[in-house]
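Me: I have a structure open and would like to talk it through with you. Can we go over it piece by piece?
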Amino acid sequence: MFFRLVILSLWNRRSSILLTILSIAISVSLLLGVDHLRRQAKDSFTKTVSGVDLIVGARSGQVNLLLYSVFRIGNATNNISWESYQEIAENKNIAWTIPISLGDSHKGFRVMGTTQSYFDHYRFGDKQPLAFSKGESFKGVYDAVLGYSVAKELGYQVEQKIIISHGLGKVSFSKHDDKPFTVVGILQATGTPVDRTVHVSLAGIEAIHLDWQQGVKIPGLVISAEDALKHDLTPASITAMMVGLKSKIATFKLQRYINEYRKEPLMAVLPGVALVELWQIVSVIENLLLIISAMVVVAGLTGMLTTLIAGLNERRREIAILRSLGAQPLYVFLLLMIEAVVLALIGCLLGVALIFVLLSIIKPILVTEYGLFISAMPISLEMVYVLTIIISLAALLGLIPSLIAYKRSLKDGLTVKV
Amino acid sequence: MNLNTVSVSSLKFHWQSNPDWVLNISSLAVKQKEKLFLQGPSGSGKTTLLDLLTGIHVPVQGTIKILGTDIGSLKTTRRDKFRADHIGLIFQQFNLLPYLNVIDNVILPCHFSDKRKNKVLAQGTLHKVAVKILDSLGLDDSLYHRQATQLSVGQQQRIAVARALIGQPELIIADEPTSALDQDTRDVFIKLLLKSVADTDSSIVFVSHDKSLAHYFDRQININSLANEDVEI
């Protein structure tokens with residue numbers, strides 16, 4: 001009967017109560033959503049590259065190296081000579097290497113020179129390999145493989161001819177237009193910077209720069225696309241390399257070997273460590289978002305408090321009737337406490353349901369439009385604790401109207417005139 | 001052996017915030033099965049007296065015994081329990097919880113009093129007994145599952161009577177229950193009320209300012225005549 005009274009009394013005031021529940025539900029789903037996206041972003045970010053044990057580049061900062069080699073942001077301070085690359089690649093601890101060469105672009109997308117090794121060994125997410133949605137890996141010097149977003153945004157298909165621009169500007173005036181590339185493959189979405197990269201062979205990068213020096217075309221020197229193939233297209237240098245080891249135990253040994261490499265100043269970083277360091281820069285915003293969402297939940301609960309206190313006056317009669325029938329002040333107190341808890345509970349459950357529905361709606365959109373994979377499970381153990389805290393907080397706030405009603409029920413007679 | 005249902009002696013009461021006496025009753029007794037008409041103009045302390053008789057407030061001086069129990073000496077929670085077990089109340093109006101249907105409103109006292117609940121269960125189910133009482137008060141069974149707010153005032157008051165009577169409490173207190181009713185409904189209501197009270201062997205204290213109702217009762221008392229000389233009203 002007690003719970004029937006709680007439920008029926010709430011139902012009797014359903015218009016204001018439903019709005020209260022709705023505001024709690026929306027705030028809770030916002031909190032859950034922000035927290036979920038934050039975790040997913042962190043998770044996907046720290047898994048941008050996986051299965052790579054070391055990233056090697058010219059000596060600078062580890063975040064800088066990570067930014068240009070993995071995220072294609074910024075530029076390398078210096079290159080690695082081809083000789084050094086070969087010497088390091090032959091180290092007995094190394095299972096495979098991926099050389100990468102950056103510096104050119106196509107319509108704002110970075111062009112990266114690499115080898116077949118990239119498609120064989122590069123991993124992202126939970127050690128997922130790169131996969132082709134169309135076509136295959138590059139074979140010829142002037143073949144290109146497009147990342148998912150490049151093909152999608154530019155509307156390219158296999159067989160499309162593309163011109164690579166020198167440098168990184170979106171509108172570049174120095175184009176390698178004498179040596180067009182042909183798209184031979186398009187990768188599946190990865191949700192990583194790979195999607196925004198045009199991949200060509202190291203030889204291709206070398207070929208387009210044969211008649212260039214210091215970033216400008218050498219006047220008078222013209223080497224046609226066919227003639228270029230006759231030249232030795234072994235690069236003189238690369239931008240960075242990714243390394244896979246035979247055994248992880250050798251990681252630090254090899255890192256030290258590279259960091260102390262005599263012939264040129266190099267550095268090797270552990271991508272996982274560097275990614276976490278980079279994430280920490282972003283995490284300030286992440287925490288700020290979380291704090292804002294928490295404030296919204298507090299606002300939702302305060303709204304509930306307002307509704308409950310405002311409702312007390314209309315309910316004086318109801319409370320007087322219960323008192324006249326022998327209900328103790330404690331009973332009245334509990335009636336209001338349970339009411340606050342029930343509201344918060346329903347609000348939280350509805351909020352959870354709401355976020356599930358929202359996620360199931362936006363999940364396919366994120367995959368097809370942005371190549372982002374997010375898990376459909378927005379509830380973490382921490383969030384279960386947070387929901388418990390929200391309900392406890394509601395109970396704490398519920399003390400206010402409950403105590404008012406308690407004191408009133410002691411003071412008011414049975415004949416309250418409303 | 002105390003045969004009186006209510007026995008008040010040397011009762012004095014003032015509010016905590018104000019030391020002026022608002023109620024002063026040297027003696028008042030209501031016998032078993034007695035129908036007492038307590039008459040007094042508004043402001044005469046009727047409401048305060050009812051709050052004292054029902055144990056919402058306690059006397060500052062003197063004693064109130066209900067069924068031989070000095071309710072002023074009981075703890076707050078015991079007083080609430082005592083009220084639930086032994087007293088049925090009927091107010092001027094708005095007696096019913098608007099969100100409960102008629103039957104649930106009638107059986108509500110059984111939720112607060114095991115004693116009354118057991119008395120009801122001895123006669124049948126809560127629902128059956130509630131229907132029986134409602135039927136004896138002339139309420140049609142088409143009303144039973146309606147919300148209280150959908151009914152006329154007269155119907156609501158009769159449901160309040162059914163609620164006060166369920167589980168046969170020894171004392172019924174009615175606070176101007178007819179003031180919201182018109183003349184015809186009022187007479188029918190009082191007759192039904194008094195008949196039902198007689199059927200359950202309860203005593204009734206009927207408080208009203210309307211002297212024209214007094215002839216229905218065994219005895220009538222003016223609240224002012226109960227006062228000692230020094231009372232200020």
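Reply: Gladly, and one definition before we start: contact, or touching, here means heavy atoms within 4.5 Å. Keep in mind as well that this is a predicted model.

Me: OK, with that in hand, which residues does E176(B) touch, leaving aside those up to four places away in sequence?
Reply: Not counting residues up to four places away in sequence, E176(B) touches K46(B), Q92(B), V207(B), S208(B) and H209(B). With H209(B) there is also a polar contact between the two side chains, at 2.8 Å.

Me: Where does E176(B) sit, and is it buried or exposed?
Reply: E176(B) lies in the loop between β7 (171-175) and α7 (183-199) of chain B, and it counts as buried because its relative accessible area is 8%, with the limit for buried being under 20%.

Me: Switching to the chain pair, how many residues does each side put into the contact between chain B and chain A?
Reply: Chain B contributes 28 residues and chain A contributes 27 residues. The area buried between chain B and chain A is about 2,500 Å², with 64% of it coming from carbon and sulfur atoms. On the chain B side, F91(B), Y99(B) and F112(B) lose the most area to chain A, together making up 28% of what that side buries.

Me: And the polar side of that interface, how many salt bridges and polar contacts are there?
Reply: Between chain B and chain A there are two salt bridges, and seven residue pairs are in polar contact, counting pairs with both residues at pLDDT 80 or more. The elements giving two or more residues to the side of chain B that touches chain A are α1 (46-53), α2 (76-86) and α3 (102-112) of chain B. By class, that side of chain B has 13 nonpolar, nine polar and six charged residues. R4(A) and D104(B) are joined by a salt bridge between their side chains, at 2.5 Å from N to O.

Me: What about inside chain A, how is it divided into domains?
Reply: Chain A has domain 1 (2-45 + 282-411) and domain 2 (54-269), and their centres, taken over C-alpha atoms, are separated by 52 Å. Seven residues from domain 1 of chain A and seven residues from domain 2 of chain A take part in the contact. Together the two domains of chain A bury about 510 Å², 56% of it on carbon and sulfur atoms.

Me: Which salt bridge partners are joined into a network in chain A?
Reply: D35(A), R38(A), R39(A), E286(A) and E382(A) are joined into one network by salt bridges that share partners. Over all chains, the structure holds 24 salt bridges.

Note on methods: Residues numbered from 1 in each chain as written. Chains lettered and ligands numbered in written order. Predicted model: local features only at pLDDT ≥ 70, side-chain atom pairs only at ≥ 80, totals over all residues. Heavy atoms only, no water. Domains from an automatic or database assignment. Buried area = accessible area lost by both parts, 1.4 Å probe. Salt bridge = Lys/Arg side-chain N within 4 Å of Asp/Glu carboxyl O. Polar contact = N/O pair within 3.5 Å; in protein donor to acceptor, adjacent residues only side chain to side chain. Helix = DSSP H or I, 4+ residues; strand = E, 2+ residues; numbered from the N terminus. Nonpolar A, V, L, I, M, F, W, Y, C, P; charged D, E, K, R; others polar. Buried < 20%, exposed > 50% of the residue type's maximum accessible area, 1.4 Å probe, protein only.
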